[in-house]
Amino acid sequence: MKKNVLRLLTPCALVLLLSGCGLIDYYFLPPPEDTAQELYEAGREAMAAKKYYDAADFFTKLKDRYPFSPYTPAGIIGLGDAFFLEEDYAEAAAAYEEFEAMHPRHEEIPYVLYQLGVSNYKRSDSIDKPQDTMYEALDTFHVLVANFPDTEYGKEGAEYIIECRKRLAEHELFVADFYWRTGQYGAAWKRYMYVLDNFKELPEIQEYANLRAQLSYLEYQKVISEEERMKIEGSWKLWLRSWL
């Protein structure tokens with residue numbers, strides 16, 4: 001009788017042991033990671049649903065877990081696009097820069113350069129602040145136009161070059177106007193002259209800078225020595241003749 005009971009219990013015990021292992025795996029072992037393709041597709045679905053930070057999370061996991069996957073280059077671009085559409089332009093620029101560094105000969109480089117330039121352009125949102133990111137945008141657009149002039153991105157990049165230079169000139173005028181308002185006429189004059197020398201393709205800005213440079217100089221000469229005045233007027237008169 002006991003042998004029969006043991007024979008019945010042994011299979012039952014085995015079943016319980018095996019099912020118990022399954023339960024242990026379920027509750028205590030980490031779930032299997034998503035594949036590169038699954039992460040990429042999840043990111044694209046989140047983009048379509050305009051859940052951009054969710055998309056960024058999927059694309060970040062993709063590039064971190066599967067750096068050599070064929071899905072990863074598109075995922076890095078998607079990461080930049082997700083941040084761009086969320087108006088997080090600093091993070092967008094970082095993603096586009098990463099792609100450019102890793103895939104400099106990729107067919108999507110014109111698009112990436114364009115997006116990188118626009119991201120940095122949008123990061124510089126006021127003329128009263130340092131224009132470091134505007135200079136970065138300008139450099140990127142120059143590279144884009146020089147290497148891909150006939151693409152749609154190259155053509156739009158050329159237009160952005162004009163806008164970048166206009167913003168940089170307006171920043172210089174802002175600083176020069178500040179010096180003028182605070183009675184620092186020498187510093188104002190030099191700043192206006194810098195604009196005249198470096199932004200010749202912007203006629204409206206040139207006209208304003210020319211007028212303010214003359215007014216600043218007239219005030220400046222009242223407080224400088226005769227020797228300084230003669231030294232300055234040599235180059236100043238030459239410039240006036242070239243302007244007129």
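Colleague: Is D125 buried or exposed, and what is its relative accessible area?
Modeller: Buried means under 20% relative accessible area, exposed over 50%, and partly exposed in between (1.4 Å probe, protein chains only). D125 falls in the exposed class, with a relative accessible area of 58%.

Colleague: What should I know about the model and its numbering?
Modeller: The model is predicted: local features need pLDDT of at least 70, side-chain atom pairs count only at pLDDT 80 or more, and totals for chains, interfaces and linings use all residues. Side-chain values use heavy atoms, leaving out hydrogens and water, and residues in each chain, as its sequence is written, are numbered from 1.

Colleague: Which residue meets D125 in a salt bridge?
Modeller: A salt bridge puts a side-chain nitrogen of Lys or Arg within 4 Å of a carboxyl oxygen of Asp or Glu. The N to O distance here is 3.9 Å.

Colleague: How far apart along helix 3 are K61 and D57?
Modeller: Their side chains form a salt bridge at 3.4 Å, N to O. K61 is partly exposed at 30%, and D57 is partly exposed at 38%. Helix 3 covers residues 52-65 (a DSSP run of H or I, at least four residues).

Colleague: Which residues are linked with K63 in a network of salt bridges?
Modeller: The side chains of K63 and D64 meet at 3.5 Å, N to O. D64 is exposed, at 52%. The network links K63 with D64 and E98.

Definitions and conventions. Helix = DSSP H or I, 4+ residues; strand = E, 2+ residues; numbered from the N terminus.
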